[in-house]
Amino acid sequence: MVDTNYTMKPSYKSGIITGIGVGLFAIGAFSFFNWLNTKNSWGIQPATIRGISGLLTVLIQAIGIYFSMSGTRKVLNGVITYSQSFKAGFIVAVITALITAFCGLIYCTLINPGYADYMVREAHQTMIASGKSSKQIADELVAVKWQFSTGGQVIQALVAQTFVGTLISLIMA
């Protein structure tokens with residue numbers, strides 16, 4: 001019988017490394033490219049920059065899941081079942097989600113406490129520029145305020161990273 005804690009050790013290690021990588025990338029990429037956008041007057045909406053950097057975190061997470069599955073396979077002497085492989089990836093997904101959510105919390109509360117207000121202001125300006133009515137703007141801003149709030153950022157990180165990581169794990173396994 002194989003010790004389950006021992007066989008899942010690569011998953012915990014990969015999950016921590018992947019989570020830190022995803023969290024730091026998400027914060028760093030958004031901050032850097034939004035700064036470049038502002039400095040060079042590119043006119044890209046900050047929400048678009050945030051979305052693109054979020055999509056790129058999927059690639060980082062997929063790499064972490066791959067290494068988790070490979071490490072688990074190596075521990076199991078080259079033989080791994082679908083369920084063991086899925087479990088290895090799912091552990092990475094959950095750990096990544098938790099660390100990414102924590103990074104989002106730190107970013108929104110300590111590093112850039114004005115993040116939500118900034119994103120709401122930018123969305124408001126975009127809605128005005130697109131010719132939306134005052135009522136449409138008011139209605140849409142309710143969702144935008146929640147989306148970019150600290151709580152919204154934490155929940156989105158938890159749900160998105162877990163969901164996407166689970167899908168990646170199902171496919172890669």
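## Aromatic pairs

Rings of Phe, Tyr and Trp (its six-membered ring) pair if their centres lie within 6.5 Å; planes under 30 degrees apart count as stacked, over 60 as edge-to-face and the rest as tilted. By this rule, the count here is 7 aromatic pairs. The structure is a predicted model: local features need pLDDT of at least 70, side-chain atom pairs count only at pLDDT 80 or more, and totals for chains, interfaces and linings use all residues. Residues are numbered from 1 along each chain as its sequence is written, and side-chain values use heavy atoms, with hydrogens and water left out.

Helices are DSSP runs of H or I with at least four residues, strands are runs of E with at least two, and both are numbered from the N terminus.

Phenylalanine 30 has a relative accessible area of 6%, so it is buried. Tyrosine 115 is at 3%, so it counts as buried too. Tyrosine 115 also pairs with tyrosine 107: the centres are 5.6 Å apart and the planes are at 75°, so this pair is edge-to-face. Tyrosine 107 is buried as well. Phe30, Tyr107, Tyr115 and Phe148 form one aromatic cluster.

## Overall layout

The protein has 7 helices and 0 strands. From the N terminus on, its elements run α-α-α-α-α-α-α. The C-alpha trace spans about 65 × 30 × 25 Å along its principal axes. Of the 173 residues, 38% count as buried.

Contact means heavy atoms within 4.5 Å. Take the contacts between residues at least 6 apart in sequence: 78% of them join residues at least 24 apart.

## The nonpolar cores

A nonpolar core is a set of buried Ala, Val, Leu, Ile, Met, Phe, Trp, Tyr and Cys residues joined through side-chain atoms within 4.5 Å. The largest one has 20 residues. Those with the most contacts inside it are Phe30, Tyr107, Tyr115, Met119, Met127, Leu141 and Val144. Which helices each supply at least two residues of this core? They are H2 (9-40), H4 (82-111), H5 (115-129) and H6 (134-147).

A second, separate core has 6 residues, including Ala62, Ile65, Val92 and Ile168. Back in the largest core, Met127 touches Lys132, Ile137, Glu140, Leu141 and Val144, not counting residues up to four places away in sequence.

## Helix H6

H6 has 14 residues. From its first C-alpha to its last it reaches 20 Å, close to the 20 Å expected at 1.5 Å a residue. The expected span is 1.5 Å times one less than the number of residues.

Where is the kink in H6 centred? It is centred on leucine 141, with a bend of about 30°. The bend at a residue is the angle between axes fitted to the seven residues ending there and the seven starting there. The buried residues of H6 are Ile137, Leu141 and Val144. These buried residues pack against H5.

## Two buried serines

Serine 14 is found in helix H2. Its relative accessible area is 11%, so serine 14 is buried. Its side chain reaches the backbone nitrogen of serine 68 at 3.5 Å. Leaving aside neighbours within four places in sequence, serine 14 is in contact with Gly64, Phe67, Ser68 and Val92.

Serine 169 lies in helix H7 (residues 150-172). At 0% relative accessibility, serine 169 counts as buried. Its side chain reaches the backbone oxygen of glycine 165 at 2.8 Å. A polar atom of that side chain also lies 3.3 Å from the backbone oxygen of glycine 89. Not counting residues up to four places away in sequence, serine 169 touches Ile65, Met69, Phe86, Gly89 and Phe90.

## A partly exposed glycine

Glycine 28 also lies in helix H2. At 32% relative accessibility, glycine 28 counts as partly exposed. Glycine 28 and serine 53 are 25 residues apart in sequence. In space they are 9.2 Å apart, C-alpha to C-alpha.

Note on methods:
Buried < 20%, exposed > 50% of the residue type's maximum accessible area, 1.4 Å probe, protein only. Polar contact = N/O pair within 3.5 Å; in protein donor to acceptor, adjacent residues only side chain to side chain.
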